Amino acid sequence: MTTTTLTRSVGQAISRVEGGEKVRGQARYAFEQPVHRPAYLFPLQAPIAAGRVTSVDASAALAEEGVLTVFTHENAPELAPGDDPELAILQSDRIAFRGQFVGGIIAETLETARHAASLVRIQYQPEPHDADFRVDRDDLYAPDHINPSFATDTDEGDVEAALASAAVTLDETYTTPPEINNPLEPHATIAVWYEDELTLYDATQGVTMIQHAVAPLFGLAPEQVHVIAPHVGGGFGAKVTPHGNVVLAAMAAKLVASRPVKLALTRHQMFSVVGSRTATAQRIRLGADTEGGLAAISHDVIEESPRFKEFAEQTAVCTRTMYAAPSRRTTHRLVALDIPPLTFMRAPGEAPGMFALESAMDEMAIACDLDPVEFRIRNEPELDPETGLPYSSRSLVSCLLEGARRFDWAHREPTPGVRRQNGWLVGTGVAASTYPVFRIPGSSARVAVAPNGRYVVQIAAMDIGTGTWTALRQLAADELGAPFEEVELQIGDSALPGAAPAGGSVGLGCWGTAIHNGARELRERLETGGVPEEGLEAIGTDTGTPYEGEYAMHSFGAQFAEVWVREDSGEIRVPRLLGIFAAGRIINPTTARSQLLGGMTMGLSMALHEAGFVDPRFGHVVNHDFATYHIATNADVGTIEVDFLHEDDPYVNPLGTKGIGELGIVGTAAAIANAAHHATGIRVRDLPITLDKLL
Ligand code: MOS
């Protein structure tokens, strides 16, 4: 396998090239794109969790000055049948969840549209619904597979026998609440029809994905749909696959032909139509010998799934690969409920699953009278326990040891609840991080010689705030043997060569491999053809790695937390987090560090704040705003230190990179829960860790 030797740009801490535009407010996001005479769309949403629309009276709304049209299932454009029920909006009178789109108002201004929406009278025939997520339900079922296509269950050895004969055992259940993706930029779209071509300025994690999902619904070829997204204000998974909002906007624009239609979801609406993270209940059983060697690991997961569109989160997948034990089992069971769509949320499955496993590992270390770092090292596998394959690289032990050194772990008093400072109980905790190296096929890049010996690189890649504009240009520059300044990068437009979405932490690896292959071919042509000829180009495709199936490929890390708990009130503070990660080659240390900082901040938020409360009587998240759905803000975050260990991985892809977008959130909540236990002696197994649980 060839690896790149030039490192003029790669590895440099180059600031984001679009940073200046962003802080000056000049970088245009979807809703801000300049269009001529836009109309504004405000959605109508169902107030019941199941049933039918029986009648619509839009007369009062239509009588308002400035209202262009009102549309519901009665007069909405017919869509071609597709396989995603989430996108088949306004195609019947059926209601599958509270908050479902039942129509829209198009008006000259946003204010008029919003006001007119309140004037539409819709009658409903409610039907019984069920939105009650409980672990003792008798209607759990096993999905065919879990996301994206993992086995639902695994079973190796004899877990029951190993547990029965183990010297030390643990059997605990850990629960996590629904969490709701809340990127800073809510989902927003401007849709414009021109004859039989549709343009969408869309807040998305994948322009190619949206293009190919939307086109068939309107009977169009993908080339007839143009999706543009140069800047995206976060997504965390909720902008990977399309949701009803983009279809609603495209439909509306069709109704006011040739006028652009703008739709920006409100923060309230974000809580019911674009997906969120499932609640989980996870039973973990561990059995170990007197030396702390694990004999059995069992992880049984119950999670919710919308009845109208199954979503089977991969909660126990990390448990399959984390630690050595001869007997291992994992299961996933779903309960189908009348709830809004679920989707990916940063490290879907891995984040809640590793909260449970890494909390259990801490409890088990204590039960075995071992330091939790030492306990993990004793159970480090030689080969991937799940596949029997060697790891392409696995630096968990190095991360744990380096983190322990920097956190002065050696001087930690193991007894919980004994360190006090000015009325605060102080504790420290550790947990492991991991994330699989995924690949989403379908990326290609055009690499061409531009005027003045410069180069242009085109790929429908995405920058969702992650640094793609900068990091891909660094990669391309080195692959071309050119200075950073001489490479022009074009991304965020479906007219460019198609690409994987920014999901599953695959972006840099998949897009970068396509660029690597294109640049290599172009260089070969230039070397044989002599003088660079303007317009000379090569198309590179993401060919993946020839080592697929020969190695197990995952990123790893170790997170350490310091937690302070007020003795009298239970108030909890996290003044310090430290994350040491090994994720292959780091292309840009600045933007990579930001990804991990962001992930750990979101992990802190998961640990202490985030919880959607579903009222089973109504079937929706009741706390659907930032006043009541709490996320970590600046004042909640203390010091977060992030560092990478050097890691050469010649197998993952030609670049040696592993994904970093999701790794940082995995393990944080457990590190904090473990530190809270160390501070107080109280084990919280139910997220978030709020003060009432520490009294
Ligand atoms: Mo990620 S949850 O696939 O954006």
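Predicted model: local features only at pLDDT ≥ 70, side-chain atom pairs only at ≥ 80, totals over all residues.

**Annotation first**

I checked the UniProt record, an unreviewed entry, and it lists residues 24-128 as "domain: Aldehyde oxidase/xanthine dehydrogenase a/b hammerhead". Over residues 24-128 I get 11% helix and 33% strand. The end C-alpha atoms of that stretch sit 51 Å apart.

**Domains**

Next I looked up how the chain is divided. Domain 1 is 19-28 + 440-541, domain 2 is 33-128 + 182-273, and domain 3 is 154-179 + 277-438 + 550-694. I then took domain 1 and domain 3 as a pair: their C-alpha centres lie 35 Å apart. Their contact uses 16 residues from domain 1 and 17 residues from domain 3.

Which elements give two or more residues to the domain 1 side of this contact? I find helix 11 (468-480) and helix 12 (507-529). Helix 12 gives the most, with five residues. By class, the domain 1 side has five nonpolar, eleven polar and no charged residues.

I traced an open sheet of seven strands, with mixed pairing, in the order 3-5-1-12-9-10-11. Strand 3 (67-72) and strand 11 (225-228) are the edges; each has a single partner strand, so one side of each has no neighbour in the sheet. From one strand to the next, the twist averages 20 degrees.

I zoomed in on one pairing here. Strand 1 (residues 39-45) and strand 5 (residues 101-107) run antiparallel and are joined by six bridges. Phe-42 stands opposite Ile-105 of strand 5.

Then I asked myself what packs on this sheet, and noted two helices. Helix 5 (residues 207-217) touches strand 10 (197-202) and strand 11, and its direction makes about 150 degrees with that of strand 11. Helix 6 (residues 244-255) touches strand 1, strand 3, strand 5, strand 9 (188-194), strand 10 and strand 12 (261-264). The direction of helix 6 makes about 35 degrees with that of strand 9.

Thr-280 stands opposite Glu-303 in strand 14.

I stayed with helix 8 for the last entry. The axes of helix 8 (residues 350-367) and helix 14 (residues 668-680) come within 8 Å and cross at roughly 35 degrees. The crossing is right-handed.

I listed the contact residues. Helix 8 brings Met-354, Phe-355, Glu-358, Ser-359 and Asp-362, while helix 14 brings Ala-669, Ala-670, Ala-673 and Asn-674. Sorted by class, that contact has five nonpolar, two polar and two charged residues.

How values were computed: Residues numbered from 1 in each chain as written. UniProt positions renumbered as here; feature names shortened; annotations may be inferred. Helix = DSSP H or I, 4+ residues; strand = E, 2+ residues; numbered from the N terminus. Axes fitted to C-alpha atoms, helices over the stretch in contact; angles between N-to-C directions. Left-handed = near helix turned anticlockwise from the far one by under 90°. Contact = placed C-beta atoms within 7 Å. Nonpolar A, V, L, I, M, F, W, Y, C, P; charged D, E, K, R; others polar. Domains from an automatic or database assignment. Pairing = 2+ DSSP bridges.
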